[in-house]
Amino acid sequence: MDNRAELDLGYAIHDVARLLRRAFDERVRKYELTRAQWRVLAHLYRCDGQTQAELASQLDMEPAPVGRMLDKLEKQGWIIRRNDENDRRARRVLMTKKIRPHVSELRQEAIELYAVAVASCGEKQVRAFFSVLEKMKENLTRDLDHKNVSNLPPC
C-alpha cells in the first residue's frame, strides 16, 4: 500500500465518523442530548457506578472535559454523583431513572442511522467491512501491546 492510500484510509475513517456524529446529534436533539453525552449515558447504562476517572479512561477522554459533560448531565437530571463509600476522594457516577425509558429509543435512532449509512451496500460488503475493521482493531491493539501502551480497561 502506498503512502497516499494509507493517508486516505485514515481520512476516510475520520470523515465517516465525523458524519455519523453530526447525523446522530441531529437525531437526538429532541432529547436535548449531544452524541457525546449519549455516549456517556450509554456507557453508564452498561457499567453504572464508575468514578469520573474510570469513566474518562473508558471513554478515552481527559477527566476535565468529562467532568464538564457530567456537570451538564447532572443539571439535566440524567445522572447523579455520589461519594464513594471506600474512598473519600472519589465520586461515583450513577445514571438516574430518567434515561431508562429512552435507551431503546436512542438505540433505535443509532440502528436507523447505521442503516442509512450502509443503505447502498450489500450484506456481503457490510460483513466484509466489519471483518476488516475487526482485523484492523486486532492489529492496532497488538501494536499497542507490543509497545507497552496500556489499552482501555474493560468495564
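Accessible areas follow the Shrake-Rupley method with a 1.4 Å probe, and for residues only the protein chains shown count as cover.

Please keep in mind that this is a predicted model: local features need pLDDT of at least 70, side-chain atom pairs count only at pLDDT 80 or more, and totals for chains, interfaces and linings use all residues. Residues are numbered from 1 along each chain as its sequence is written, and side-chain values use heavy atoms, with hydrogens and water left out.

**The chain as a whole**

- The protein chain holds six helices and three strands, where helices (H or I, at least four residues) and strands (E, at least two) are DSSP runs numbered from the N terminus.
- Reading from the N terminus, the elements follow the order α-α-β-α-α-β-β-α-α.
- The C-alpha trace spans about 55 × 40 × 25 Å along its principal axes.
- Of the 155 residues, 26% count as buried; buried means under 20% relative accessible area, exposed over 50%, and partly exposed in between (1.4 Å probe, protein chains only).
- The protein chain exposes about 11,300 Å², with carbon and sulfur atoms supplying 54% of that area.
- Among contacts (heavy atoms within 4.5 Å) with a separation of 6 or more, 52% come from residues 24 or more positions apart.

- Three strands make an open sheet in the order 1-3-2, with antiparallel pairing; its edge strands, strand 1 (50–51) and strand 2 (79–83), each pair on one side only.
- Two strands pair if DSSP finds at least two bridges between them.
- Strand 2 and strand 3 (residues 91–95) are joined in the antiparallel sense over five bridges.
- Within that pairing, R81 stands opposite V93 in strand 3, and the bridge partner of N83 is R91.
- Strand 1 also pairs with strand 3 in the antiparallel sense, over two bridges, and T51 stands opposite R92 there.

- A23 belongs to helix 1 (residues 3–28) and counts as partly exposed because its relative accessibility is 26%.
- A23 and L94 lie 71 residues apart in sequence and 27 Å apart in space, C-alpha to C-alpha.
- Q37 is placed in helix 2 (residues 35–46) and is buried because its relative accessible area is 8%.
- The side chain of Q37 reaches the backbone nitrogen of T34 at 2.8 Å. A polar contact is a pair of N or O atoms within 3.5 Å; within protein, one must be able to donate a hydrogen and the other to accept it, and residues adjacent in sequence count only if both atoms are side-chain atoms.
- Leaving aside residues up to four places away in sequence, Q37 touches E32, M69, K72, L73 and Q76.
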